[in-house]
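Please find below some notes for a colleague who has the coordinates open.

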Amino acid sequence: MTILFEKICETEFEFQEEALIRKIVPYVLEQENCPFEAEVSILLVSKEEIHRMNKEFRQVDKPTDVLSFPMAEYDEPADFGGDMFCRTRTLSPESDELLLGDIVLCADVIKEQAKEYGHSEMREFAFLTVHSMLHLLGYDHMEEKERMKMEEKQRSIMDGLKINR
């Protein structure tokens, strides 16, 4: 497994961001029965940078907590044998690993939301990483049924990681 992590902001946390990511990413893939060695890229940015990216890529002119850029499409979430996945998956030419996609986390918004929701910054950081990993695996929350399924997955994974409110 390859996890490419880069921090391009000044915001500091009281935990090691990369160590937490290296715990979460393989756990999510294991829980979703991913049969591939995988590569994921995670970028930790400032509020200004995520605002710029959100405007550029989603045409939403405001900051957000996380952006997810999946590389594959799925017939059903985490369906690694489905026709859509088999047609759209990309393997790294260097490592032959499945390219899952990119995650962009906003350090400033993570801090704000942790305070707003009354839990630790580590819990918020972990939750958004899990949330975004599920997006890379085809989960979504646009419709009620999808939202309920994704929320249950998030709860189960966070419980398994023993990262609770």
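Predicted model: local features only at pLDDT ≥ 70, side-chain atom pairs only at ≥ 80, totals over all residues.

At what angle do helix α1 and helix α6 pack, and how far apart are their axes? Residues are numbered from 1 along each chain as its sequence is written, and side-chain values use heavy atoms, leaving out hydrogens and water.

1. Helix α1 (residues 17–31) packs against helix α6 (residues 144–161) at an angle of about 125 degrees, and their axes are 11 Å apart. Helices here are DSSP runs (H or I, at least four residues), numbered from the N terminus; axes are lines fitted to C-alpha atoms over the stretch in contact, with angles running from 0 to 180 degrees between N-to-C directions. The two helices are therefore oblique to each other, a term for angles that are not under 35 degrees (roughly parallel), over 145 (roughly antiparallel) or 65 to 115 (roughly perpendicular).

2. The contact (heavy atoms within 4.5 Å) between α1 and α6 is made by K23, I24, Y27, V28 and Q31 of α1 together with I157, G160 and L161 of α6.

3. The axes of α1 and helix α5 (residues 121–136) come within 10 Å and cross at roughly 40 degrees, so α1 and α5 are also oblique to each other. On the α1 side the residues are E17, L20, I21, I24, V25, V28 and L29, and these meet M122, F125, A126, T129, V130, M133 and L134 in α5.

4. Searching the whole structure gives 0 disulfides, a disulfide being a pair of cysteine sulfur atoms within 2.5 Å. For C34, the closest cysteine sulfur is that of C86, 12 Å away and thus too far for a bond. C106 is likewise in no disulfide, since the nearest cysteine sulfur, in C9, is 7.5 Å away.

5. Both C34, at 15% relative accessibility, and C106, at 0%, count as buried (under 20% relative accessible area, with over 50% exposed and partly exposed in between, for a 1.4 Å probe and protein chains only).

6. A114, which lies in helix α4 (residues 107–117), is buried at 2% relative accessibility. Not counting residues up to four places away in sequence, A114 touches H119, S120, E121 and E124. A114 and V25 are 89 residues apart in sequence and, C-alpha to C-alpha, 21 Å apart in space.
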